[in-house]
Every structure is written in structure tokens, then in C-alpha cells.
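Dear colleague,

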Amino acid sequence: MFLDVSQVFDRVWHPGLLHKIEKHQPKFFPLLKSYLSHRQFRTTVKGEVSALFLINSGVPQGSVLVPMLYQLHISDFPQAPKVAKGTFADDTVILTCHVDVPSASSCLQAYLNTFQSWLQTWKIKLNESKSTYLTFKLRNDPSPPVSLNNVEIPTATTVKYLGLHLDNKLNWKDHITKKRKQMVLQHKELYWLLGRTSHLSVDNKLLLYKSIVTPIWTYDIELWGCASKSNIAVIQRC
């Protein structure tokens, strides 16, 4: 299950965050409490200025402390046997594994029931309609639905996560197709520099290719590089 957290950095609950800072980083608690407390905002519309209001949630945008504060906020992410989680900033995925699809879905649903209580306790809002439920499998067994906050999570056959397009059979065809299109578009934009009529030297053209085009298709090649030869050939021909 790939989670979509609504306004993740804007809705960090200050009392809950300060509680966890005091628990896990007591040495820095006075400093961070001073940093987060008594922040105010006001709005200006057509020259009219509103009164000042206290900011009771959110972490200051653009601050180098934002990732650390958010990680502290979710530091007690619920744990469960046979359930793994992956987090990168606000991108979160929950994974269960079983040879039997219904058993995997049942395990995931049991975890989500506990996870729902944790979200409510720490006032973290999920966008259930934008979250995605995906089953990786080779057989065409039906996948029982799962729900969170009494909302059924939409199912999909492919999802984009951290720049990778993951399909339910992990054959990487969708990822390679999209990367090929991205390479073609990038090449068109650079054609005035890379094309035959360009006066750049071959060495400089090669430098541009390696620094701008190559990273598009080599990103995370350690994972999608195991695709079939026919899919890899799509990139090679391009």
C-alpha cells in the first residue's frame, strides 16, 4: 500500500511533535520548543491586513530541520510481524508478503486497523482516495480489497514510487516505456546542441549526453536492469 499523506509538512501537530522531541532528544528540547512555539501568521488582501494568528501545526518550510522534525514526528510508526515499511520524507509504503494473495491482504488489513488508531492519535491525515493498493503477483488471483478509515483503498496495476514505475508483475515494461519517452523529449529539447548542425565538438556533445540524458535511464538500474532482454532493447535502440 502506497500512502498519500495530506499536506504532510503543513499538518505536523506541534504538541505531539514536542512530546516526541522531549522523549527522544531531550538535550535539544528547549531549543526546538522555542523554535516551534508562538509562531504567527497574517494575511494581506488588497492592502487589508488581518490580525495575527498562532500557528499550531506544521514545520517551517525551507528549513534544514524540516526532514529531521518530520522523522521525529513519525518515529514511533507502528511495527508488526510480517509487515515492512519504507519511508522517504513523506513517501511511505507498507508491504506484506505471502505466497497466498488473500493471506497477504488479510495481514495488511489487520495492520491497517492498528495503523488507523495511530494516525488518529497523532493527528496525521491521509488522503485515502490518492493512496494506492497494489499486489505484486505472477498469477491472476483476485486481490481482496483493503480499507483505511472505512474507505476502500483504490487498486492499481502500476504505481510510481521514488521515480520508479512499479508494475504488478515487476517486468519493468511500463517503467522502461516512460523512460524512453522522457529521453526522446529531452533529446528534442537539446537537439540544437546535440544535432548534426550543432557546432559543438563531439566531446562536448558527449558531455551533455552523459550529464543530462544518461541519468534519465540509469536511475536505479540496479533494480530495473533485471528486465527481459526485449524490454532492455527498447532503451538500447533509443
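The buried residues of H9 pack against H5, H7 and helix H8 (221-224), contact being heavy atoms within 4.5 Å and helices being DSSP runs (H or I, at least four residues) numbered from the N terminus. In H9 (residues 229-237), Asn231, Ile232, Ala233, Val234 and Ile235 are buried, that is, under 20% relative accessible area (1.4 Å probe, protein chains only).

This is a predicted model, in which local features need pLDDT of at least 70 and side-chain atom pairs count only at pLDDT 80 or more, while totals for chains, interfaces and linings use all residues. Residues are numbered from 1 along each chain as its sequence is written, and side-chain values use heavy atoms, leaving out hydrogens and water.

Helices H5 (residues 173-189) and H7 (residues 202-218) pack with axes 9 Å apart, at an angle of about 170°; axes are lines fitted to C-alpha atoms over the stretch in contact, and angles run from 0 to 180 degrees between N-to-C directions. The two helices are therefore roughly antiparallel (an angle over 145 degrees). Lys179, Gln182, Met183 and Gln186 of H5 meet Ile212, Val213, Ile216 and Trp217 of H7.

The largest nonpolar core has 33 residues; such a core is a set of buried Ala, Val, Leu, Ile, Met, Phe, Trp, Tyr and Cys residues joined through side-chain atoms within 4.5 Å. Among those with the most contacts inside it are Leu17, Ile21 and Trp118. H4 (101-121) is one of the helices supplying at least two residues of this core, and H4 gives the most, with six.

Yours sincerely

Notes:
Angles under 35 degrees count as roughly parallel, over 145 as roughly antiparallel, 65 to 115 as roughly perpendicular and the rest as oblique. Buried means under 20% relative accessible area, exposed over 50%, partly exposed in between (1.4 Å probe, protein chains only).
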